[in-house]
Amino acid sequence: MEFFLDTADVDEIREIAAWGILDGVTTNPSLIKKSGRDFKTVVSEIAAICPGPISAEVTAMDTEGMISQGLALKDDLPGNVIIKVPCTPEGLAATKFLTSKGIDTNVTLVFSASQALMAAKAGATYVSPFIGRIDDTGADGMQLIAEIMQTWACYPEITTKVLAASIRHPTHVLSCMQLGAHTVTMPAKIFRQLMTHPLTDRGLDGFLKDWAEVEAAGNA
Ligand code: E4P
């Protein structure tokens, strides 16, 4: 079970990394734009904060371009950066090549079990089905995770990890885990929501108040 942060905001990454349970980070061109910072600078900083896999996405549309961008990213960025490739025929060929060179990949923008299967066949390290964006269309994103995990169960030789992405709420995370997804990537807000419960806060208030009285009575 792996928990990734889906952001290019280094302050958020520092905050959640301090919890001690962060396994990796995913970025994409939109998240880099939102950060307002230089792509390679921000990814290098992220890679220094979190030792786990950090996804950096290629933007070329042709196989050669994806391969040369992927190789350049691997040359220029820290060793824990992995290459995010779109789920297209050109992306499959790039994935196959990068895998043959021992470079870890994350095949992104996956919206069907058949796409996930093709990415696994190409040797992807991770495959990223986008749950929330499917929900946004009125379909059931979680059904896709169920279909992928069911397919994976038929082929124990598949080593590609299912990285559930486009997470919108804490229930998405729990449902993905109950279906056996290997990894979930989520915004910092969802990490915080997963850890928050009003009864924990109320219980802690009560304990602290009572302990203050124990101390005041000289019994601590
Ligand atoms: C995954 O790697 C993507 O960066 C991300 O999960 C997309 O999520 P969104 O649909 O919230 O943009």
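How far does a polar side-chain atom of R133 lie from an oxygen atom of the ligand? The distance is 2.7 Å. The structure is a predicted model, in which local features need pLDDT of at least 70 and side-chain atom pairs count only at pLDDT 80 or more, while totals for chains, interfaces and linings use all residues. Residues are numbered from 1 along each chain as its sequence is written, and side-chain values use heavy atoms, with hydrogens and water left out.

A polar side-chain atom of K84 lies 2.6 Å from one oxygen. An N or O atom in the D6 side chain is 2.6 Å from a ligand oxygen. The protein covers 84% of the 340 Å² of accessible area that the ligand has on its own (Shrake-Rupley method, 1.4 Å probe).

The residues around the ligand (a heavy atom within 4 Å) are D6, T26, N28, K84, F130, R133, A165, S166 and R168. By class, this shell has four charged, three polar and two nonpolar residues. Asp, Glu, Lys and Arg count as charged. The space taken by the ligand is the largest pocket.

Four aromatic pairs are present in the structure (ring centres of Phe, Tyr or Trp, the last by its six-membered ring, within 6.5 Å). W19 and F191 form one that is edge-to-face (planes over 60 degrees apart), at 6.2 Å centre to centre and 75° between the planes. W19 lies in the loop between α1 (10-17) and β2 (24-26), and F191 in helix α10 (residues 188-195), so the pair ties together parts 172 residues apart in sequence.

Key. A polar contact is a pair of N or O atoms within 3.5 Å; within protein, one must be able to donate a hydrogen and the other to accept it, and residues adjacent in sequence count only if both atoms are side-chain atoms. On a 1 Å grid over the protein atoms alone, a cavity is a set of points where a 1.4 Å probe fits but cannot get out, and a pocket is an open set with protein on both sides within 12 Å along at least five of seven lines; lining residues have an atom within 4 Å of a point. A molecule sits in a cavity or pocket if more than half of its atoms lie within 2 Å of its grid points. Rings of Phe, Tyr and Trp (its six-membered ring) pair if their centres lie within 6.5 Å; planes under 30 degrees apart count as stacked, over 60 as edge-to-face and the rest as tilted. Helices (H or I, at least four residues) and strands (E, at least two) are DSSP runs, numbered from the N terminus.
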